[in-house]
Amino acid sequence: MSELRPCHCGGNPKSEYGASEEYESWWFRCDGTDEVEACNFMSEDCSSYDEAVKAWNHRPIEDELRARIAELERGHLIPEAK
Ligand SMILES: [Zn+2]
């Protein structure tokens, strides 16, 4: 099973499931932690649990920023903004 990333607020994801006659869907909602109040961030609805895990873990902006921070920490120069 894929590992779930914590929410951007530091909270734990909680899986949720819904079904109707037409379709089933899975998604995750931020459930907070003992220290962090749940921010109620929700991932998009997906047609399977595995897809919902991928959607929850998909953080293009967060990943880009982390990569940028790592680059800066290695001492690379910051190109000037246009
Ligand atoms: Zn959260």
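I began with the order of elements: from the N terminus it reads β-β-α-α. I took helices (H or I, at least four residues) and strands (E, at least two) as DSSP runs, numbered from the N terminus. The count for the protein is 2 helices and 2 strands.

I noted the ground rules next. This is a predicted model, in which local features need pLDDT of at least 70, side-chain atom pairs count only at pLDDT 80 or more, and totals for chains, interfaces and linings use all residues. Residue numbers start from 1 along each chain as its sequence is written.

Strands. I looked up how strand 1 (residues 13-19) meets strand 2 (residues 24-30): they run antiparallel, joined by 7 bridges. Two strands pair if DSSP finds at least two bridges between them. I picked out Gly18, whose bridge partner in strand 2 is Ser25. The link from strand 1 to strand 2 is a hairpin through 4 residues.

Glu37. I found Glu37 in the loop between strand 2 and helix 1 (49-57). Is Glu37 buried or exposed? Glu37 is exposed, because 10 other C-beta atoms lie within 10 Å. The cut-offs, with C-beta atoms placed from the backbone, are 20 or more others within 10 Å for buried, 12 or fewer for exposed, and partly exposed in between. I also checked Glu37 against Gly11: they are 26 residues apart in sequence, and their C-alpha atoms are 7.4 Å apart in space.

Whole protein. I read off that 13% of the 82 residues are buried. For contacts (C-beta atoms, placed from the backbone, within 7 Å), I kept those with a separation of 6 or more; residues 24 or more positions apart account for 30% of them.

Conventions
Two residues are in contact if their C-beta atoms, placed from the backbone, lie within 7 Å.
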